[in-house]
Amino acid sequence: MAEPTLSREQEHEERRAAALAMGGPKKLEQRRAEGKLNARERIALMLDPGTFRESGLFTTSAVDADRDKTPADGKVTGTGEVDGRRAAVIAYDFTVKGSSSSPVSNKKMSHFKELVVQVGMPLVYLSESTGVRMPDAMGGTGMGAANSKKRFLRQRESPWASAAFGYCFGSAAWHTVSADFAVFRKGSVLAVSSPGLVSRATGQQVDAQELGGWKVHAEVTGYADAVADTDEEAIELIRRFLSYLPSHNGETPPVAPIPSGSGERAAELNDIVPQARTQTYDVRKVIEIVADTGSVFPIKARYGKSLDTSLVRIGGQSVGIIANNPMFKGGALDGPACDKATSFLVLCDSYNIPVVFLVDQPGFLIGLEAERNKIAGKVINWMNALSLVTVPKIAVTLRKNYGQAYINMGGGLTADTTAGWWSTEVSFMDPTSAVSVVHGVDAESDPELYAQRLAEMAKGTTAYDVARVFGVEQVIDPAETRDFILGALKDHYRARTNGIGEHLLRAWPTSY
């Protein structure tokens, strides 16, 4: 007896249900047991309720044998809203062949990469993948059919953000390190190839976390801009990051209401920062007071710790802060700190976010290790990037400010406007070191002569000496820092272009 023919409505509903079922109840239940969200649950948290508009629901693998095993071809894609603003999302569905990538799913992803450039909205990757799918990409036909001409072109027309949730190999790795903001959930692993493949290729057993675990990328490579304990926290971090950015580079970031109490703790700055330049303190406390209450959003907090980079709001406006932190290495700038500064300048300039330097540094870290890690090139990378920044740049010196780092941190007219606290000390070198270099005298061999020479070297280094030659525009009470920045933001707003910069750094590499 022939089976009854399904109506078009019934067939459509069956196909739709099969696609929405992802990898099936067993795999979905296993994820729940492991405390992991599935791709569609992640999208539901990422986007405002009821706003998701899916595209590509009925795609499958082009390999006939996998047609019924690859709902949505392992990638759930579409658009929606984040805090009322349009955004596109690509969620890797690990329950479908480990969310491996095929020509079909790559076609879906390419569509949204092109769409966000055309219309001007952010793109969010919710990443977790085993890499390229076999046999789809095998052989000359598999490779020869690839269309990769502009697959990873980044000119920062619109923000990209990515969350690495688990294993991220292949395109999940490429999209994460290409993003403007990448958050790693603890337990995630990002690498070019899986530990198994690396072990087979090298003949050595490789531990996944040692190869490319979240801690490696938070503390060693610097790929992780933030770290989350859970899927939910990772998604909330992306939503918060996007709140500081415009939808595209042709507009300024949204202005937020100023929370009550903002700026009321200004007088505390005189107590937080010790007068003696050798005493340490945590510059993050200074940032908290200068910024609008509750608005500080650290970037790469576990990497290059002698330099703090944070998105904040000041007067409701998005601002990027680059601040030396004497709590780590005395605030000396090493290679990771240089890379961190350069990356942050690229982010801010690309998306029309003014930059504020809070300066208290003894110079660049020197020595054999520093030179072998290419500190000279990293210093000039930073300097070159700073020269190309076209958003407002504001520099405030808190205490010491020495050497070439004086230039990199907004001195020497590399910032649009400058101020120095009355505790400012500026020179080519720390006077205690300069005595030994210039006179060959140290405190132990000849204390009296050393003290005499030190007094000579310390002359002419105060805030008022710098101001005398217009090296800073103003000398201020620390308590006036927020007001100085607010005034500078008004003075240096690019009214002729409605606050939009030239984006000269738009093609700077995202990872280097």
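## About the model

Residues are numbered from 1 along each chain as its sequence is written, and side-chain values use heavy atoms, with hydrogens and water left out. Because the model is predicted, local features need pLDDT of at least 70 and side-chain atom pairs count only at pLDDT 80 or more, while totals for chains, interfaces and linings use all residues.

## Salt bridges across the chain

Let's start with charged pairs. The structure holds 26 salt bridges, where a salt bridge is a side-chain nitrogen of Lys or Arg within 4 Å of a carboxyl oxygen of Asp or Glu. One of them joins Asp48 to Arg239, with the closest N and O atoms 3.2 Å apart. Asp48 sits in the loop between α3 (39-46) and β1 (53-55) and Arg239 in helix α10 (residues 231-243), so this pair ties together parts that are 191 residues apart in sequence. Helices (H or I, at least four residues) and strands (E, at least two) are DSSP runs, numbered from the N terminus. Asp48 counts as buried at 15% relative accessibility, and Arg239 counts as buried at 12%. Buried means under 20% relative accessible area, exposed over 50%, and partly exposed in between (1.4 Å probe, protein chains only).

Helix α10 also holds Asp231, which pairs with Arg185 in strand β6 (residues 181-185), 46 residues apart.

## A pair between two strands

Asp360 and Lys400 meet in a salt bridge of 2.9 Å, N to O. Asp360 belongs to strand β12 (residues 355-361) and Lys400 to strand β13 (residues 393-402), and the two are 40 residues apart. At 0% relative accessibility Asp360 counts as buried, and so does Lys400 at 6%.

Now to helix α15 (residues 375-388). Its 14 residues should span 20 Å at 1.5 Å a residue, and its end C-alpha atoms are 20 Å apart, which agrees. The expected span is 1.5 Å times one less than the number of residues.

Where do the buried residues of α15 lie around the axis? Ile375, Lys378, Val379, Trp382, Met383, Ala385 and Leu386 are buried. They cover an arc of only 165° around the axis, so they are on the same side of α15; the arc is that of the directions from the helix axis to the C-beta atoms. An α-helix has 3.6 residues a turn, so residues three or four places apart point the same way. Among the elements covering these buried residues are β12, β13 and α13 (335-350), with contact meaning heavy atoms within 4.5 Å.
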